[in-house]
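Colleague: I have the file open and want a quick tour. Can you walk me through it?

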Amino acid sequence: MGFSREVRSAAETIRAAESVSVISHIDADGISSEAILRVAITRAGIPVTSHFVRQLEPLTMKTVPEDDSLKVFVDLGAGQQNLLEERGLDPEEVLILDHHVSQPCEVPYRQVNGVPHGFNRLSAAGIAYFVARELDSGNIDLAKVAIVGNVGDMMARETLGLVGPAAEIVQDGVAHGSVRLVRQDLNCYGTSTRPIHVCLSYNDDPRIPGITNDVRGAERLLERVGVSPKTRDGRYRVWEELEQDEKKAITSALVQQLLANGGEGVDRLFSESYIFVDEAERSPLRNASEFATLLNACGRWAKPRIGSSVCCGNRGQVYREAEYMLNNHRTIIRELLQYILETGVTELSHLQYLHVGDRYPDTIIGIGAGMALGKLNWRKPILIMCTLPEDPTLTKVSMRTNEWSVRRGVDLQAVLTTASGEYGGGGGGHPIAAGAFIPREAEEVFVSRVNELLRDQLA
Ligand code: C5P
């Protein structure tokens with residue numbers, strides 16, 4: 001069946017349901033997927049309940065209600081069909097909307113997944129969106145939320161913009177009027193909320209000598225090109241509010257700086273960005289990547305419903321709670337970053353690693369490691385471990401690298417899937433960011449195995 005037919009069939013399945021249970025993941029893609037489905041299904045007049053899980057595994061299967069509802073698994077399920085089968089779920093009561101690689105299963109569960117059709121850059125929120133649009137063409141107001149999910153799941157990162165069916169969602173958002181597409185924007189995080197020099201100095205894709213990790217260097221660059229970092233009333237300006245000629249002056253200087261240092265990364269200086277014109281200027285909801293961080297902050301601190309509610313347009317008390325989650329998230333990540341830098345990492349030939357014990361929750365260690373990488377030896381992927389208070393026999397592992405390594409052949413998802421599988425654990429993710437659970441007793445051998453696999457990938 002073609003992708004469009006899968007989408008149509010999924011919409012028909014939902015339309016025919018008496019009631020629906022959505023089971024989704026707690027990250028930005030999972031939260032936005034759930035929000036899209038909940039809104040679209042509610043608009044179709046069908047009762048719907050939602051359930052969030054960190055991973056779909058034997059322990060979390062109890063979250064799946066035992067009732068007559070249609071169970072829609074979104075952003076998960078494709079790789080865990082054996083669990084659905086073990087639970088005795090009938091194919092008639094299951095619909096999977098996922099973008100992870102599917103596992104073989106005896107029971108023919110219905111599924112919409114871009115991967116078998118070659119759409120490798122369409123996240124679950126994108127699939128949920130197409131199903132929602134099929135339910136009612138009026139649902140194109142949800143394109144914005146789908147863009148957040150796709151960007152949050154790094155679908156735009158390598159290609160410097162959303163491509164394939166995900167680009168069609170951007171077009172819908174533009175047609176709806178809620179999305180402004182900037183085709184050649186600065187490829188930098190924080191363009192709607194961070195002071196320009198901070199924004200520039202935090203960026204390491206591409207790494208710009210004299211700017212990356214150097215706030216003073218970034219300030220000097222602004223001075224040199226005559227762009228004032230502040231408004232007349234003394235407030236720091238953000239990238240988004242600069243005049244075109246000011247943006248041009250800065251990017252020209254950045255290009256020169258890169259060229260003067262060998263030119264690597266010039267091609268990554270620009271990317272598409274997605275601005276949400278109906279959101280307040282300088283708010284974390286103003287662009288797709290910052291919106292995605294807010295959702296991740298909610299999800300990773302066990303409040304996915306707050307994020308979902310913000311996706312659905314709630315801007316009252318719920319939004320203030322989401323902002324609180326975001327600020328808290330940032331504070332703890334800063335602490336974690338500091339902890340990593342002060343404690344230091346152990347370097348192997350192809351890897352650097354550390355163990356943070358029980359100091360930080362497993363849901364955020366990867367984020368801290370990703371931020372630390374730019375300040376450590378950024379040429380070597382970083383692996384971070386922590387213990388799980390709820391299960392002392394298990395260790396959570398997160399790995400992060402950068403585009404530079406990925407271009408040279410590093411694929412962390414492959415490394416962690418292989419290595420964790422060999423020791424009876426399990427993992428997954430993306431080439432640039434992946435995670436796994438392993439038996440605690442295997443930590444040491446596991447780390448050297450990961451080092452070995454990285455060496456093989458770079459051979
Ligand atoms: O947990 P962490 O932030 O390190 O996860 C990075 C990526 O790896 C995410 O996309 C997550 O869904 C994926 N992951 C996975 N299996 C795990 C842990 C993480 O697929 N056991």
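Modeller: One note on terms before distances: domain bounds here come from an automatic or database domain assignment. Also, this is a predicted model.

Colleague: Fine. Which domains is the chain divided into?

Modeller: Domain 1 covers 3–140, domain 2 covers 184–333 and domain 3 covers 344–458.

Colleague: How far apart do the C-alpha centres of domain 1 and domain 2 lie?

Modeller: Those two centres are 32 Å apart.

Colleague: Switching to packing. How many residues are in the largest nonpolar core?

Modeller: The largest nonpolar core has 78 residues, and Ile 36, Leu 97, Ala 128 and Val 131 have the most contacts inside it. Helix α4 (residues 124–135) contributes the largest share of this core, nine residues. At least three residues of the core come from each of domain 1 and domain 2.

Colleague: What does Leu 97 touch?

Modeller: Leaving out residues up to four places away in sequence, Leu 97 touches Ala 10, Val 72, Val 74, Val 112, Ala 124, Ile 127, Ala 128 and Val 131.

Colleague: Now the ligand. Which residues come nearest?

Modeller: There are 13 residues around the ligand, and Gly 366, Ser 398, Gly 428, Gly 429 and Gly 435 come nearest. Strands β12 (426–429) and β13 (433–439) each supply at least two residues of that shell. β13 gives the most, five residues.

Colleague: How many charged residues are in the shell around the ligand?

Modeller: The shell has no charged residues; nine are polar and four nonpolar.

Colleague: What order do the strands take in the sheet with β13?

Modeller: The order is β8-β9-β10-β11-β13-β12, six strands in an open sheet with mixed pairing. β8 (346–347) and β12 stand at the edges with a single partner strand each, so one side of each has no neighbour in the sheet.

Colleague: How many bridges join β11 to β13?

Modeller: Seven, and the two strands run antiparallel, β11 being residues 394–400. Lys 396 stands opposite Phe 437 in β13.

Colleague: Last one, Val 101. Where is it?

Modeller: Val 101 sits in the loop between β4 (94–97) and β5 (110–112).

Colleague: Why is Val 101 called partly exposed?

Modeller: Because 14 other C-beta atoms lie within 10 Å of Val 101, and the partly exposed class falls between 12 or fewer for exposed and 20 or more for buried. Not counting residues up to four places away in sequence, Val 101 touches Ala 78, Gly 79 and Val 115. The C-alpha atoms of Val 101 and Pro 116 are separated by 8.4 Å, with the two residues 15 residues apart along the chain.

Terms used:
Residues are numbered from 1 along each chain as its sequence is written. This is a predicted model: local features need pLDDT of at least 70, side-chain atom pairs count only at pLDDT 80 or more; totals for chains, interfaces and linings use all residues. A nonpolar core is a set of buried Ala, Val, Leu, Ile, Met, Phe, Trp, Tyr and Cys residues joined through C-beta atoms within 7 Å. Helices (H or I, at least four residues) and strands (E, at least two) are DSSP runs, numbered from the N terminus. Two residues are in contact if their C-beta atoms, placed from the backbone, lie within 7 Å. A residue is near a molecule or strand if its C-beta atom, placed from the backbone, lies within 6 Å of it. Ala, Val, Leu, Ile, Met, Phe, Trp, Tyr, Cys and Pro count as nonpolar, Asp, Glu, Lys and Arg as charged, and the others, Gly among them, as polar. Two strands pair if DSSP finds at least two bridges between them.
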